Amino acid sequence: MTASRRERVIAAVACAAAALLAGCASPPGAPAVGALEPMARRPVFPPDDADYAARDAAVASLLGDPAGASAARARLDALDQTRESSGEAPTGLAPFAQDAANAALPTARERRKAARALTKRSDLDPALRARLDEELADDPLELASDRLEEAHIAAFGTTFNAIAEPLGRSVTNPMRALPDLVTGILGLAVKEHLSDELSLQERQALAQWKRFVAMNPDAPETPALRERIADYQSGWNRTQRDRQLRLARHALSNGQAGTAYLAATRALQVMPEDADALELRAEAERRLAEARAARARSLEAGPSSGPLDAPSHDFAIEMLRHGGDLGGTARRILQTPADARDARSATLRDVARYSLATADGEAGREVEMWQELQELAAEPPERSSMARHAQALVSSPEENPERAFELARSADTRRSIGWLLFGSLAEGPPDMDLPRPLEWLIEVPNTLEIATGLPNRLIRYPWLDDPRKGRAAAAFGRRYLARRPDGVHAEEVRSWLVDFERSRGNYAAAVELAQQDGASAETLAPLREQAAAQLLKTAQDEKRRDARQAFLRHIAADYSDTESGRKAGNLARTQVLEASPQRIRISRGYLQENPAIAGEDALGLRPELIDGKLGNGELHPDGVVLAGGSVIEFRYVAPGGSEDDPPEVKRQRVSPERMARIVSVLEETAERNALVDPDATFAADAERDRFFEQARLGLLDEPDLRATAESSYAFRSMREQYGLVRTRESILPVDLVLQGSFPSLGLGAFPRIRMPKQTPDAFLYK
Amino acid sequence: MNAHRPDACRLLLALALGVLFAACAKPVEPDPQHKPAASVLEVVAVLRRHVPDDTYRFVPARDFTGRNVYRSSLLRLENIEKAHEEALRAGQFDDVIAFSKARAMERLRAFELAATSYRRAAERDGPLREDALRSASICDSLAEAARIGFDPDRPEEDTDAPPPTEGEAIVAASDQRLALLQALLAEAQGTHYVYVIEEEMERADVARAQYFVASRRLSPDGDVRALAELQRVTERHKESKNANRHLIALADLYGDLAREYVTKHPPEGLLFDPPTFQELVDSASRLYEAVGTQDGTPEKLEASQRLEALLAFTLEVDSDRFTP
């Protein structure tokens, strides 16, 4: 019992002490003192022998004196040996001196050979090694060889995967093994048929060989390479010709003789005298000439097109006269009995029908006009001259956008139903540059999967996202509204467009259309809310602050009755209050990961601000921001103590000298990290680099206030970028794939050769 | 010898059949779709339908051959005149043909010829006389306006007063031209001439801008002035059928300025200012994108390809000097 009381006393004292300590500890938030320690002043060190030797190596390199540079390097080696023998660490300068000596060598080949030898040294700085490796990799012959290897892997991998995949799937579904294998082999054959003679990687190799020959015309490899270049160049020419011929044939089959002519001509530019290209061009020319002749004939005067008889003359006057009774005259003509033997009378009636439609259109009787024109267009051209004019009007998407609108909608519906019923074969087999029946035959093995996939497609149908759907109809609908804002179909078209724009999330356009349609305030309110939210997101995604500000102001003014409109107004005000010329951020994690930046040689940050203890003040995960000029913005964990809350911001101006040190160390660190660790990317940012350049030169007195001078680059730690564990690409060239198929309810496991990734410059070869 | 007789018979028979087939074969019927116009009335009816068209906002209509309907109508009328010259010599149809030709010509900017043709139509004392005289007067005014000021596409003429070649004079002449057209616009309300006059006003604005674009290198603020003039055109003619084209022209100028900037200040040099270059590229890109997102217009393709070309050009600029 006594012991128990004693324990209670101890516990009470402990609690009181804890409460006292908690009460005395500083609350989180910005520290009362500044974030930075006084700038460290280094004493001036007198240069030693190693420094002089390094200087001599640099001088010799700049003067193009490899012997002198090597001599300096030898001195450094000797100094390092002496240091080692006395138990001191080597200077580490010798490899750099050797690199400088290599740079003074006269030819690229010698420099490359020396660099390769240098990489054999064991005392290389990792960053120097990475840089040398990069230089060595930038060898045209090496690059060409790599690209050719990739081409071979791609060719082999395509064949292997085409066979391995169906075999792997057949484990659980042996019935499908044969059709899948046949499909795979057929697909392979088609791919081979459609593929270019020279692959992209082979063309990259060709470009590298050309580069090598241009740089080394007298190299021993050059003569053999020239032969190879000629061979590959022929292949590339044939590839280009084949592409153009394919285009020309396709154009001819679609009645586009002009395109076919141009394509065949381009093929001839690559391979003059090519028989196929000549033949195709001749055919295209013949068709073009035919079309020209037909067009010319339509302009000629026919034998009966001479003087008009009196009724025709009067009708013509009525047509041309201002305020003439076009419709009335046309009706009177049509009411008179027709004389089948009199050609002039037939022509007059023909023209009267056309003119009646014109009069109906001018009187706003849109439906009657198009009905009359459609009937006239259906007349055989031998009997009615006006039929072709009526047909031109009816079929013109410009003149008759309502019809085009309806046709486009029907096409969308047909496409959707076609996909539902026939899946990937809804629009027929893909173009394989083969006769159409053969293309259908190749697709036969897929029909089973298409048939069994119907339930799957039925389930997916409601969420089917077809980017083409509605776009053509919307364009024609808008065209119709532009021509006839009060037309017979205007309300229907506008209503469809409102739904269409809403369905694709373009609420701003939907609001505009609904307003034109005279929608009530109640109907508009939710739409306006969505539109404002849409615009606000667009504004927030805008990179340039001037455009962002203009956007926000526009939303605040036009959508002041919405929540997002008010938010936009607040954001616009905040942006003005917190505006700074620069927004280059260094996260807390990055500072912790790279102590040199926070250290006394750069930022000089008080260590307790990144020690993880809130009580002594702690930087927010956002870290610090170089805010333009010599101003640094420190972001602290807010007094609430939660890192999820917005930070408490304090700004501090630093000396130009400190700012120069900060950016120098920051840039050096980022570049070194990028060299040593391939995942530590240091992305290009012109505005950031320009700011750093000015900071180093001490030119930050007058910050550049232009929006295009602002950088919002963020230096983030590896953990912030990749999380705790970084994913690594397997070193094996093969993936093991476990694949389930919902349509066929099958399961398969098979190896798949990983295709080589295209190089970043591959788009220049497409 | 006898053995050869049947062969000869067969040959003769084949020849005879060949000749018979050739004689019986129908000549290839020309496509009726492209037959010549059946009557002047056909041409007039088609033309009449398109007289009230708003050619300022919408692309002029095309006929069944794909030609501009005003041009094809004019060609057909001229061919009819030529082909039936004898029959038409009496002049009883002069008013109809001359009036129709004038209606077509005024849409092809041949205002002087149109006025002459209208006067010819007015020579006959008929129902068209009054309209023809009124239209002739408007075409005279349009022709007069078209002769004022700088217009790079105007054919060279021997005139006492050569067109102005200096900035302020160009602006003054353009203002004068616009004032004349503005006055004409009020007079032409309710007629198709409103659209013709709006087209002419647009043309005057474009001509003025073209002068400043062409001469921008001759003055220190030439680039800024050229940009301002092209912006003025885009602002004033948002409703025009050429609105997208005006935007492309403005984007092209920004693109040209970006290229010239790189030539003047190589990116690797100390005088290259990344924000300036960025502003030029941004401005061009935004304009191209604005046009490139408009479905159903040929300018969409043009703007998209030009944007691609501009971005390809920026690849030549070091990434530490320009980051797209």
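The model described here is predicted.

The buried residues of helix α5(B) are Phe111(B), Ala114(B), Ala115(B), Ser117(B), Tyr118(B), Ala121(B) and Ala122(B). Because these residues cover an arc of only 165° around the axis, they lie on the same side of α5(B). The length of this helix can also be checked. Helix α5 of chain B comprises twelve residues, 111–122, and at 1.5 Å a residue it should span 16 Å; its end C-alpha atoms are 16 Å apart, so the two values agree.

Chain B as a whole contains twelve helices and zero strands. Of its 324 residues, 40% are buried. Among the contacts in chain B with a separation of 6 or more, 57% are between residues 24 or more positions apart.

A further packing arrangement in chain B involves α4(B) and helix α3 (residues 69–83). These helices pack at an angle of about 150°, and their axes are 9 Å apart. The crossing of α3(B) and α4(B) is left-handed. On the α3(B) side, the contact is formed by Tyr70(B), Ser73(B), Leu74(B), Leu77(B) and Glu81(B); these meet Ile97(B), Ser100(B), Lys101(B), Ala104(B), Met105(B) and Arg107(B) in α4(B). The residues of the contact of α3(B) with α4(B) comprise six nonpolar, two polar and three charged.

In helix α14 (residues 326–335) of chain A, the buried residues are Leu326(A), Thr329(A), Ala330(A) and Ile333(A). They cover an arc of only 100° around the axis and therefore lie on the same side of α14(A). Gly328(A) and Gln335(A), on the other side of α14(A), are exposed. The buried residues of α14(A) pack against α13 and α15 of chain A.

Pro166(A) belongs to helix α7 (residues 140–169) of chain A. Pro166(A) counts as buried because it has 20 C-beta neighbours inside 10 Å. Leaving aside residues up to four places away in sequence, Pro166(A) touches Ala177(A), Asp180(A), Leu181(A) and Gly184(A).

Asp433(A) counts as partly exposed because it has 13 C-beta neighbours inside 10 Å. Arg109(B), with 17 other C-beta atoms within 10 Å, is partly exposed.

The two chains also meet each other. Chain A gives 55 residues to the contact and chain B gives 54 residues. On the side of chain A that touches chain B, the elements giving two or more residues include α12 (275–297), α15 (343–362) and α31 (686–696) of chain A. The residues of this side of chain A divide into 23 nonpolar, 15 polar and 17 charged.

How values were computed: Residues are numbered from 1 along each chain as its sequence is written. Chains are lettered from A and ligands numbered from 1 in the order in which they are written. This is a predicted model: local features need pLDDT of at least 70, side-chain atom pairs count only at pLDDT 80 or more; totals for chains, interfaces and linings use all residues. Helices (H or I, at least four residues) and strands (E, at least two) are DSSP runs, numbered from the N terminus. The expected span of a helix is 1.5 Å times one less than its number of residues. A residue is buried if 20 or more other C-beta atoms lie within 10 Å of its own, exposed if 12 or fewer, and partly exposed in between; C-beta atoms are placed from the backbone. The arc is that of the directions from the helix axis to the C-beta atoms. Axes are lines fitted to C-alpha atoms, for helices over the stretch in contact, and angles run from 0 to 180 degrees between N-to-C directions. A crossing is left-handed if the near helix is turned anticlockwise from the far one by less than a right angle, and right-handed if clockwise. Two residues are in contact if their C-beta atoms, placed from the backbone, lie within 7 Å. Ala, Val, Leu, Ile, Met, Phe, Trp, Tyr, Cys and Pro count as nonpolar, Asp, Glu, Lys and Arg as charged, and the others, Gly among them, as polar.
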